[in-house]
Amino acid sequence: MALTETVRRQPARDASARTYARALPIVPVRARGMTIEGADGRRYLDCLSGDGALALGHNHPVVLAAVREVLDSGAPIGVLDLTTPVEERFVAELLATLPPGLARGARVRFCGPTAADAAAVASALVRGAAGTLVEPLCDERLRRLRETTREQGVPLVVDETVTGVGRTGAFWAVEHSGVTPDAMVLAEAIGGSLPLAVVVHRADLDTLEPTAAPRGNQLAMAAGAATLAHVREHRLAERAAVVGGRLACGLRELAARVPWVAEVRGRGLMLGLRFAADGAGAADGADGAGRPGLAGAVRRECLRRGLIVGLGGPDAEVVRLLPPLTVSDEQADAVLERLADAVEAVAGVARRP
């Protein structure tokens, strides 16, 4: 069947649960680094990175080499919960990156492959000890929580699904606060673009009953170990802090020119533009769920200019930027240029009487 026919039929065959495909009508056929090529031949700068899962971007050479090594070795890919050399390498690399206070004597609990699976395990840990689960987004809040949980003798669990693996300018976002948690939920980027999720916790929290869940796909562990090592060895967290600061500066300049940009938020290469509510609907924008808003209109204009961005916030009022840690200075400049052009185009429409 011709590719164009496949593209035409696909929406009628897929379940209505699809999300990104509704707002990003792209059929990817090739990808490398930050660039995606669609079936129509157009190229896009991917500033979404698999919702942050692609720390090194698409098809990074070290990830591909790690996967090929496992495939060529003849090692089993699925082994239930048996220990393998591939798993050993992944666990060793993971523990080497964690805050020392947690890594010493820590237990690594493999879950199902998704962040939701890891969160469910973490929630069970929390329930079993009257503890708390939080994303490490606000340093001061995290410090207060650490003090409170320590006083009450309950565990503090942080969810680093999106913020981890160098994304915020530190290898783990919790490092910004100086807090050592009792457990960490880790998923997405730790699999090097393949599905993988774990919970790392103190040894004394190892109280849950054994489960029959597999310990993780061997290819994902290999890709994850290669990704963690590459980020650590090449100091990509520090690089994310530098490039992220450059992007944030450009976004603040844009906010100063466009009244409806209410806030520039984020840290490192996890950034967002929040649009004021009083501009909602003025430009006939819409996000994936069909709600009107300027952010949705900006996302569409970005796509027309070859830039893929996401939406976030309770009312889809935030344009999210999650470029890979490998983004070059030239690519960062192109992101700012295309985004600014899209924002100003939408703002011009919204200003018309």
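In which sense do β12 and strand β13 pair, and over how many bridges? I looked this up in what is a predicted model. I found that β12 and β13 (residues 318-321) pair in the antiparallel sense, over three bridges. Within this pairing I noted G312, which stands opposite V318 in β13.

**Entry: the sheet around this pair**

I then traced the sheet and recorded four strands in the order β9-β10-β13-β12. The sheet is open and its pairing is antiparallel. At the edges I found β9 (261-267) and β12 (310-312); each has a single partner strand, so one side of each is left without a neighbour in the sheet.

**Entry: the five-stranded sheet**

I turned to an open sheet of five strands, with the order β4-β8-β7-β6-β5 and mixed pairing. Its edges are held by β4 (107-110) and β5 (132-134); each has a single partner strand, so one side of each is left without a neighbour in the sheet. I recorded an average twist of 20 degrees from one strand to the next.

Which strand pairs with β4 over four bridges? I found strand β8 (residues 197-201), paired with β4 in the antiparallel sense. I also looked up V108, and its bridge partner in β8 is V200.

Methods: Residues are numbered from 1 along each chain as its sequence is written. This is a predicted model: local features need pLDDT of at least 70, side-chain atom pairs count only at pLDDT 80 or more; totals for chains, interfaces and linings use all residues. Side-chain values use heavy atoms; hydrogens and water are left out. Two strands pair if DSSP finds at least two bridges between them. Helices (H or I, at least four residues) and strands (E, at least two) are DSSP runs, numbered from the N terminus. Axes are lines fitted to C-alpha atoms, for helices over the stretch in contact, and angles run from 0 to 180 degrees between N-to-C directions.
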